[in-house]
Amino acid sequence: MTVIDVFAHVLPPKFLARMAVIHPQIMDQFPYMKNDLLTDIEQHKAALPADHQQIISAVNLNPEDFVEPEQAAELCREANDELAEMVRANRDIFPAGVAMLPMNNVPAALRLIDEQVVGSDALVGVQLFTQALGQPITVAAYEPIFAKLAEIGAPVWLHPVFDTHKTDNELTFSWEYELTQAMNDIVAAKYFRKYPGLKIIVHHAGAMVPYFSQRIKYIQSAENYADFQKFYVDTAILGNPQALALAVDFFGSDHVLFGTDSPFGIPPVGPTAVIEQAVNDMAVSPQVKAGILSGNWQALQQK
């Protein structure tokens, strides 16, 4: 069985070079991105275990944070083209990629979805972040993106970023809070009811939601509780089979997909082996494990 990692990262080198022209010290702002496995495909391939594939998305070097709307749109278009070519040139390990969007130019973002995702043989959805330009991802300006993706049946990959209004951000817990809050905002906005075809894959196993699911059940409405269970989640929590079992119990065995956040988390090559072992150590049936490791992704593509 080929294991399919739905949440792995790269940094397309031509895109990085364009961003470095705009901001020569840009990588000093993101030292964790100084990782050759993001930009060197041969090293990336050599670090991947045999019989594994990855759905690749770009790390959160987002053009809208640095340039005006038209230039952001062009940078995203070029980055998506480059990512698609990485997929086509490496089908043995990259069956698909995930597009990026210029969040300071929603009309252009919608055009990119139509032109680069719809009907693509390489890009199968888009990556959104818990905030964009200092605003929650559920502000009204961004809602047309969710509506469009629901209409075409392409998933959202939801990745955390820091809330820039806060002064105590740190990597261990802040991202998990931001993911949880974004999920709550999506449910509160009734997106799953407004857009029945909406599919959202949440990083880090759904963050706090599985552990606090009973608080959702008894504090929020039954409709909200059901909507929380409509999210898909990955397994990127650096191990812990008991925690993964909570995710399966809450979201359902068919809504948990193998994902690692590679190459981050556990140096030098990422946490793939640790997370795969955690899935294999779960007290669930072989059929459930097989679904997590590949089958659930394959089924999601057919929906």
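## Strands and their pairing

Two strands count as paired if DSSP finds at least two bridges between them. By that rule β1 and β2 run parallel and are joined by 6 bridges. Helices (H or I, at least four residues) and strands (E, at least two) are DSSP runs, numbered from the N terminus. This is a predicted model, in which local features need pLDDT of at least 70 and side-chain atom pairs count only at pLDDT 80 or more, while totals for chains, interfaces and linings use all residues. Residues are numbered from 1 along each chain as its sequence is written, and side-chain values use heavy atoms, with hydrogens and water left out.

The strands form an open sheet of 7, paired in parallel and ordered β1-β2-β3-β4-β7-β8-β9. Its edges are β1 (3-10) and β9 (232-233); each has a single partner strand, so one side of each is left without a neighbour in the sheet.

## A look at β2

Let's step to strand β2 (residues 52-58), which pairs with β3 (residues 96-99) in the parallel sense over 3 bridges. Ile56 has Gly97 as its bridge partner in β3.

How many residues of β2 are buried? The count is 7 of its 7, where buried means under 20% relative accessible area, exposed over 50% and partly exposed in between (1.4 Å probe, protein chains only). Both faces are covered, with His52, Gln54, Ile56 and Ala58 on one side and Gln53, Ile55 and Ser57 on the other. Gln53, in strand β2, has a relative accessible area of 18% and is therefore buried. Leaving aside residues up to four places away in sequence, Gln53 touches Thr2, Val3, Ile4, Asp5, Arg91, Asp92, Ile93 and Pro95, contact meaning heavy atoms within 4.5 Å.

## Helices that pack together

Two packed helices are described by the angle between their axes and the distance between the axes. Axes here are lines fitted to C-alpha atoms, for helices over the stretch in contact, and angles run from 0 to 180 degrees between N-to-C directions. Helices α5 and α6 (residues 106-117) pack at about 20°, with axes 10 Å apart. They are therefore roughly parallel to each other; angles under 35 degrees count as roughly parallel, over 145 as roughly antiparallel, 65 to 115 as roughly perpendicular and the rest as oblique. From α5 come Ala73, Cys76, Arg77, Asn80 and Asp81, and from α6 Ala108, Leu112, Glu115 and Gln116. By class, this contact has 4 nonpolar, 2 polar and 3 charged residues (Ala, Val, Leu, Ile, Met, Phe, Trp, Tyr, Cys and Pro count as nonpolar, Asp, Glu, Lys and Arg as charged, and the others, Gly among them, as polar).

Further along, α13 (residues 272-280) and α14 (residues 286-302) pack at about 150°, their axes 9 Å apart. That angle makes α13 roughly antiparallel to α14. Here Glu276, Val279 and Asn280 of α13 meet Lys289, Ile292 and Leu293 of α14.

## Backbone details in the loops

One joins Ser262 and Pro263, with omega about 10°, and another joins Pro267 and Pro268, with omega about 0°. Pro263 lies in the loop between α12 (241-251) and α13, and Pro268 is in the loop between α12 and α13 as well.
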